Amino acid sequence: MIRSQRWKGAAFTVPFQLGFVFLYLLPIAYAVYESLFQEKRSGLGLGGATREFTGFDNYQLGLTDSAFMGSILRVVLFACVQIPFMLLVSLVLALFLDALTAKAANRFRIVLLVPYMIPGVVAAIVWINLYSPAVGPLTPMGDFLGFDWNFFAPSMVWPSIGNLLTWHGIGYNMVIIYSALQGVPRELFEAARLDGASEIRIALSIKIPFVRAALVLTGLLSIIQMLQLFNEPALFRNITPETVDGSFTPIMIIYNQAFNAGNYQYAAALSVLLALILGVASLLFYRLTSKEVD
């Protein structure tokens, strides 16, 4: 009977297992398989294409591709600024909610979570219109205050995208951190207050150390999301193609290789390389931060 109940319980996971196999494992295996081939044309390239097994040549080409590696470095440098700032704002908002009553915190939490509920493409379109000097209010507001800013200029594209990503991701990260704060024993706060600790001291010495695991989780998810950045730069490219080119981010290069150049095998190799880089970066981040959490 116990064995039968176990099988019945396991049967509930079958839809997930099938989805995981067909939507994750098989596409990954197919991408690895395709990355081992190349399509070559004879003569001046006017003849028919022949499919040849080339082993790891696509990977070697990807590792020496200055555009691809440069886009990774560009996104990594951007992430080193945007992710800490976003998590800091999320932490401050979570601490603010934790200081409120439960009823007031629920109301503010819903309001702060609204930007995350908006699809990323829609959010990008909204902010592009806000940035637009023709229809947006930000440029006239800057002129009134004496600021001559162009949100689509080369020096402002990354801050503009960073502002969009921060606005869109604060609510999600704030909810995770706020949920971790709810698990902190309230007796610790009362004891600290009796000892004369201020609210700032309680936040720095008690609350923040208790939510380090949540900060690690949100940081890890943010790193994974950052290296897959595509929607926002692709939409910005429609407005300012001279600033945001086709090699702006790694995913944009992979997209152009697959759907514009038709080089699916090389795009598959770049996808595998990016997945490996993501895995290594996530592992290093987890190793370095988990020591502090422990």
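Predicted model: local features only at pLDDT ≥ 70, side-chain atom pairs only at ≥ 80, totals over all residues.

Visitor: How many helices and strands does the protein chain have?
Guide: It has 14 helices and 2 strands. These are DSSP runs: helices are H or I, at least four residues, and strands are E, at least two.

Visitor: And is the chain spread out or compact?
Guide: The radius of gyration is 24 Å, well over the 19 Å that the globule rule gives for 294 residues, so the chain is more spread out than a compact globule. That radius is taken over C-alpha atoms, and the rule is 2.2 Å times the number of residues to the power 0.38.

Visitor: What percentage of the residues count as buried?
Guide: 36% of the 294. Buried means under 20% relative accessible area (1.4 Å probe, protein chains only).

Visitor: Switching to α7. Which residues are buried there?
Guide: Helix α7 spans residues 138-145, and L138, T139 and G142 are buried. They cover an arc of only 100° around the axis, which puts them on the same side of α7. The arc is that of the directions from the helix axis to the C-beta atoms.

Visitor: What do they pack against?
Guide: The buried residues of α7 pack against α6 (120-131).

Visitor: What comes just after α7?
Guide: G146, with a positive phi of about 95°.

Key:
Residues numbered from 1 in each chain as written. Heavy atoms only, no water. Buried < 20%, exposed > 50% of the residue type's maximum accessible area, 1.4 Å probe, protein only. Contact = heavy atoms within 4.5 Å.
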